[in-house]
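Here's a quick tour of the model, sheet by sheet and then down to a few individual residues. Have the viewer open alongside while you read.

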Amino acid sequence: MGYKVVVAGATGNVGREMLNILAEREFPVDEIAALASRKSLGTEVSFGDKTIKTRDLDTFDFTGWDIALFAVGSEATKAYAPKAAAAGCVVIDNSSLYRYDPEIPLIVPEVNADAIHGYAKRNIIANPNCSTAQMVVALKPLHDRARIKRVVVSTYQSVSGAGKEGMDELWEQTKAVYNPVQEVPPKKFSKQIAFNVIPHIDVFLDSGETKEEWKMVAETKKILDPSIKVTATCVRVPVFVGHSEAINIETEEFLDWQEAQDILREAPGIMLVDKREAGGYVTPIECVGEFATYVSRVRQDSTIENGLNLWCVSDNLRKGAALNAVQIAELLGSRVLKKG
Ligand SMILES: NC(=O)c1ccc[n+]([C@@H]2O[C@H](COP(=O)([O-])OP(=O)(O)OC[C@H]3O[C@@H](n4cnc5c(N)ncnc54)[C@H](OP(=O)(O)O)[C@@H]3O)[C@@H](O)[C@H]2O)c1
């Protein structure tokens, strides 16, 4: 016996990947429902070698369904996730709505799998921001060995992090640069994204940080360790899929770069590719469609006593969203629901 699984937001970037990953990882699915807004009613989406028709989230009855993977944005999550949870269906949500709620666990299975038992308070589990997910996977094994005190991170985030519309905007603007028949003014992004980089993701806060930068700080503390200090600069770059991060780490104990490499090589969810020669590192284009979080360019930071630098790349639609959500579903299955 397997699970009755709902994917809400099945026509979106993350929802489509959720369906792909459920099939790829052979999650024990007895029945699947693909939901989106009314305008997508009947739209066909792929689930393994099958095609399924999208149903309307607004009229869907969650009674009798086991797990709902939500990827619909905060507003629609607010309207529909509590209904699903009240009907006894465990919600695994990709939006930022519940991430900072102390009653709701925020989980990256490689880092804080034991938090899964906290799901029962509200029947909801939160999935982190894409940039946080890949970073904490890389930080966890180094923290276990040498206690991380402070992290300085700069991100290079792909346009798929801003949904389908973000990808379309990069595509249309790029075409318009080569064939300027009509202008494609910025809509999803604040400035032209084609052939440009934009140091602004999500809204500005009073502190001068953006909300995306604040999320990396707050989520790292909740998932990994509240004592770790994090400062972030989040930048949108003209890459379709795959987020990259340059991470500087200060630890309590000295950690030699070679030992750090050895630790990362053995760590769950990580693929170390670090050859110290041209091409001996991973770039976003190579991580698309992969499960791993790639780490390259591990080296000492000689400007501080106990410092390391590294480069971290992952498919933001996978580890940053859909894969992590499916891993949470697997964890829920193996530790709590125990079907399949
Ligand atoms: N992209 C990433 O890297 C990433 C990473 C982590 C988390 N997330 C989060 O995941 C969520 C989805 O992101 P995305 O990139 O997949 O966005 P997207 O490509 O724009 O897709 C949005 C999906 O949500 C559905 N939807 C929106 N409003 C709805 C409503 N009122 N009722 C029913 N369905 C509705 C859309 O259905 P229609 O097609 O019918 O409009 C579509 O299926 C967001 O909360 C985002 O912050 C994204």
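This is a predicted model: local features need pLDDT of at least 70, side-chain atom pairs count only at pLDDT 80 or more; totals for chains, interfaces and linings use all residues.

## The helix over the mixed sheet

Helix H4 (residues 130-146) lies across E9, E10, E11, E12, strand E13 (293-300) and E14, and runs at about 30° to E11. Contact here means heavy atoms within 4.5 Å; axes are lines fitted to C-alpha atoms, for helices over the stretch in contact, and angles run from 0 to 180 degrees between N-to-C directions. Helices (H or I, at least four residues) and strands (E, at least two) are DSSP runs, numbered from the N terminus.

The sheet itself is open, with 6 strands in the order E10-E9-E11-E14-E13-E12 and mixed pairing. Strand E10 (229-236) and strand E12 (270-272) each have a single partner strand, so one side of each is left without a neighbour in the sheet. On average, neighbouring strands of this sheet are turned by 20° against each other, direction ignored. Strands count as paired if DSSP finds at least two bridges between them. E11 (residues 243-251) and E14 (residues 307-314) run antiparallel and are joined by 8 bridges, with Ser244 having Val313 as its bridge partner in E14.

Residues are numbered from 1 along each chain as its sequence is written, and side-chain values use heavy atoms, with hydrogens and water left out.

pLDDT is the predictor's confidence in each residue, from 0 to 100. The chain averages 97, and 100% of the residues score at least 70. Confidence is lowest in H5, at a mean of 96, and highest in E9, at 99.

Gln157 sits in strand E9. At 1% relative accessibility, Gln157 counts as buried (buried is under 20% relative accessible area, exposed over 50%, partly exposed in between, with a 1.4 Å probe and protein chains only). Its side chain makes polar contacts with the side chains of Ser131, at 3.1 Å, and Thr155, at 2.8 Å. A polar contact is a pair of N or O atoms within 3.5 Å; within protein, one must be able to donate a hydrogen and the other to accept it, and residues adjacent in sequence count only if both atoms are side-chain atoms. Leaving aside neighbours within four places in sequence, Gln157 has contacts that include Ile201, Glu212, Cys234 and His243.

Next along, Ser158 lies in the loop between strand E9 (148-157) and helix H5 (163-178). Ser158 counts as buried too, at 0% relative accessibility. Its side chain makes a polar contact with the side chain of Ser160 (3.1 Å) and reaches the backbone nitrogen of Gly242 at 3.3 Å. Not counting residues up to four places away in sequence, Ser158 touches a set including Arg236, Phe240, His243 and Asn316.

## The parallel sheet

Another 6 strands form an open sheet in the order E5-E2-E1-E6-E7-E8, with parallel pairing. Strand E5 (55-56) and E8 stand at its edges with a single partner strand each, so one side of each is left without a neighbour in the sheet. Strand E1 (residues 3-8) pairs with strand E6 (residues 67-70) over 4 bridges in the parallel sense, and Val7 has Leu69 as its bridge partner in E6. Helix H1 (residues 13-24) lies across E1, strand E2 (29-36) and E6, running at about 155° to E1.

UniProt lists residues 4-119 as "domain: Semialdehyde dehydrogenase NAD-binding" in an unreviewed entry. UniProt positions are given in the numbering used here, feature names are shortened, and annotations may be inferred rather than shown by experiment. Over residues 4-119 the chain is 25% helix and 27% strand, and the end C-alpha atoms are 18 Å apart.

E3 and strand E4 (residues 50-53) pair in the antiparallel sense over 4 bridges, with Glu44 opposite Lys53 in E4. The two form a hairpin with 2 residues between them, and Gly48 in the turn has a positive phi of about 60°. In a regular strand the side chains alternate between the two faces of the sheet.

Asn123 has a positive phi of about 65° although it is not a glycine; it counts as buried, at 16% relative accessibility. Arg147, in the loop between H4 and E9, is not a glycine either and has a positive phi of about 55°. At 35% relative accessibility, Arg147 counts as partly exposed.
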